Amino acid sequence: MANVVVVGAQWGDEGKGKIVDWLSERADVIARFQGGHNAGHTLVIDGKVYKLNALPSGVVRGGKLSVIGNGVVLDPWHLVKEIAAIREQGVEISPETLMVAENTPLILPFHGELDRARESQVSVAKIGTTGRGIGPAYEDKVGRRVIRVADLADDATLELRVDRALVHHNALRAGLGLEPIDRDALLAALRAIAPEILPYAAPVWKVMNEARKSGKRILFEGAQGALLDIDFGTYPFVTSSNVIAGQAATGTGIGPGAIDFVLGIVKAYTTRVGEGPFPTELHDGDGQRLGERGREFGTVTGRKRRCGWFDACLVRQTCATSGVKGIALTKLDVLDGFETLKICTGYEVDGERLDYLPMAADKQARCTPIYEEMPGWQESTEGARSWADLPANAIKYVRRVEELIDCPVALLSTSPERDDTILVTDPFAD
């Protein structure tokens, strides 16, 4: 059976939640492989809205195993609250349906405090983080001082891990004018949360490999978008983990040979939350119209998203770095009613034409988009479930996008409802 990785191919907010939910009905295992609870996925099922941050999108489907992999950083207190909230909506969650990798790093309260303290420094350019401690937790992971899920099971180990972390963080906090961390209070909080987290702890790498050997279908769910990747994104305005498809293997403990199909989620226009370069950003009525029609507000922060025309140059680049075999094009209906549509095909920087986004931050900031124009359509595409339901100009737009990004459309989404989806290529097909 084919195993599928779903990645955002822009700056996040592309509609991954709906697509993962749509695919998860046919999967046996749904695994999160990176990011933290700064990611927000909104699912609409039979008119009911589910907002997920840490939990994999598969939890709302009965009979599936949802997995939080070691590539994720996990706030245990948030996870407990999120599980309770989803249960209140009638969803059953138990250790039989949800597993957390034993080697998953934990986000602790002081990570969030550090995150917010850094962002508040007026002398330093803001990155635009959510302030939830994601970055500092990843820093501790690579600094070999993070506390992991398995550490909660042994008090002596837990104390050693806490002491190692505090040596670093208390020195850092002193420089930022923050009070030292209360060691006893932190240990008490960790001991209290441990019984609520440990029942979900499991050797996820083993479970995943056994699932693969038994022929089960695995769906790997990414968070954020490839343009926020720590290596290939618009650095430093990026997230703190690798977002591209290769991380699915590292972030769950399964070999790269397990990945059969990479599906890139792509919005029919472009949005971004927070700071950083955005070559096709619109500051006019068209940009406002895209934001209003697309309801472009962050699931986690509520921040208004910046909006712009579709950037084929960027998506072509992210399809290459993630090895995308097909895209799921979302929110086509937001473009209904525009007389003219624009697509960015490249950039001009200091008189030079480029067909990719350069890595140098100063060049990224000076990129001027090169556009081609296409006629829009006045008919509605909302709720379309077949090519026959689409206006001719909408089909031409989709086909042109395929040409420019050098990647075919596998799925086409025309509303937040999961069934309003046109299937072109089945990612799970052998």
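1. With 430 residues, a compact globule would have a radius of gyration near 22 Å, and the protein chain has 22 Å, so the two agree; the radius is taken over C-alpha atoms, and the globule rule is 2.2 Å times the number of residues to the power 0.38. Along its principal axes, the C-alpha trace of the protein chain spans about 65 × 55 × 40 Å.

2. Please keep in mind that this is a predicted model, in which local features need pLDDT of at least 70 and side-chain atom pairs count only at pLDDT 80 or more, while totals for chains, interfaces and linings use all residues. Residues are numbered from 1 along each chain as its sequence is written, and side-chain values use heavy atoms, with hydrogens and water left out.

3. Buried residues, meaning those under 20% relative accessible area with a 1.4 Å probe and protein chains only, make up 56% of the 430 residues in the protein chain. Taking contact to mean heavy atoms within 4.5 Å, 77% of the contacts between residues at least 6 apart in sequence join residues at least 24 apart.

4. The protein chain has 12 helices and 18 strands; these are DSSP runs numbered from the N terminus, with helices (H or I) of at least four residues and strands (E) of at least two. An open sheet with mixed pairing is formed by 10 strands in the order E7-E6-E5-E2-E8-E1-E9-E13-E17-E18, where two strands pair if DSSP finds at least two bridges between them. Strand E7 (201-202) and strand E18 (421-423) stand at the edges, each with a single partner strand, so one side of each is left without a neighbour in the sheet.

5. Strand E1 (residues 4-8) pairs with E9 in the parallel sense over five bridges, and Val 6 has Leu 263 as its bridge partner in E9. E9 also pairs with strand E13 (residues 326-330), again in the parallel sense over five bridges, with Leu 329 of E13 as the bridge partner of Val 266. Leu 329 in turn has Leu 412 as its bridge partner in E17, and E13 and strand E17 (residues 409-413) pair in the parallel sense over three bridges.

6. Why is strand E9 (residues 261-267) described as largely enclosed by the rest of the structure? Seven of its seven residues are buried, so the rest of the structure largely encloses the strand. In a regular strand the side chains alternate between the two faces of the sheet. Phe 261, Leu 263, Ile 265 and Lys 267 point one way from E9, whereas Val 262, Gly 264 and Val 266 point the other way, and all are buried.

Notes. Buried means under 20% relative accessible area, exposed over 50%, partly exposed in between (1.4 Å probe, protein chains only).
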